[in-house]
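Work through the exercises below with the sequence and the model open. Try each task before reading its solution.

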Amino acid sequence: MTIDRRQILTLAWKRAKAQREWFPTIRAAFAAALRSVWALAKAAVAAEAEVKARPVVNPAGWERGDMHRARAVAARATRLGTACGAAGW
């Protein structure tokens with residue numbers, strides 16, 4: 001996600017104009033809006049970084065995660081036949 005300074009300031013200004021009557025001056029409203037918009041932008045970037053940094057538990061998939069699991073899956077497929085495999089059981 002990319003967000004530039006202009007977008008942050010535009011969103012803060014729109015929020016300040018919408019909440020103008022809650023503050024004594026438009027400057028105070030803009031300062032409060034800018035703090036909240038900046039906090040939201042930082043939280044979004046942090047959440048995106050957390051998702052990217054999350055390790056992949058098992059890139060091979062749960063069926064081939066270890067040899068015991070792979071052997072169990074193969075034995076079950078052999079025992080039940082292809083009908084269950086096609087149905088996703």
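**Exercise 1. Classify A33 as buried or exposed, and list what it touches.**

Solution. Start with the accessibility. A33 has 1% relative accessibility, so it counts as buried. Buried means under 20% relative accessible area, exposed over 50%, and partly exposed in between (1.4 Å probe, protein chains only). Helices are DSSP runs of H or I with at least four residues, strands are E runs of at least two, and both are numbered from the N terminus. Now list the contacts, defined as heavy atoms within 4.5 Å. Leaving out residues up to four places away in sequence, A33 touches A12, R15 and A16. Finally, check a distance. W13 is 20 residues from A33 in sequence, and their C-alpha atoms are 7.3 Å apart.

Two notes on the source apply throughout. This is a predicted model: local features need pLDDT of at least 70, side-chain atom pairs count only at pLDDT 80 or more, and totals for chains, interfaces and linings use all residues. Residues are numbered from 1 along each chain as its sequence is written, and side-chain values use heavy atoms, with hydrogens and water left out.

**Exercise 2. Find the residues of the largest nonpolar core and the elements that supply them.**

Solution. Take the definition first. A nonpolar core is a set of buried Ala, Val, Leu, Ile, Met, Phe, Trp, Tyr and Cys residues joined through side-chain atoms within 4.5 Å. The largest one has six residues: I8, A12, A16, A29, A33 and V37. Two or more of them come from each of α1 (5-18) and α2 (26-53). Then look at one member, A29. A29 touches A16, Q19, R20 and F23, not counting residues up to four places away in sequence.

**Exercise 3. Explain why the buried residues of α1 lie on the same side.**

Solution. Identify them: I8, A12 and A16 are buried in α1. They cover an arc of only 65 degrees around the axis, so they sit on the same side of α1. The arc is that of the directions from the helix axis to the C-beta atoms. In general, an α-helix has 3.6 residues a turn, so residues three or four places apart point the same way. Now turn to the opposite face. Exposed residues R6, K14 and A18 are carried on the face turned away from the buried side.

**Exercise 4. State the overall pattern, and where confidence is lowest and highest.**

Solution. Count the elements: four helices and zero strands. Along the sequence the pattern is α-α-α-α. Of the 89 residues, 10% are buried. Now read pLDDT, the predictor's confidence in each residue, from 0 to 100. Its mean over the protein is 81, and 75% of residues reach 70 or more. Confidence is lowest in helix α4 (residues 82-87), at a mean of 59, and highest in α1, at 93.
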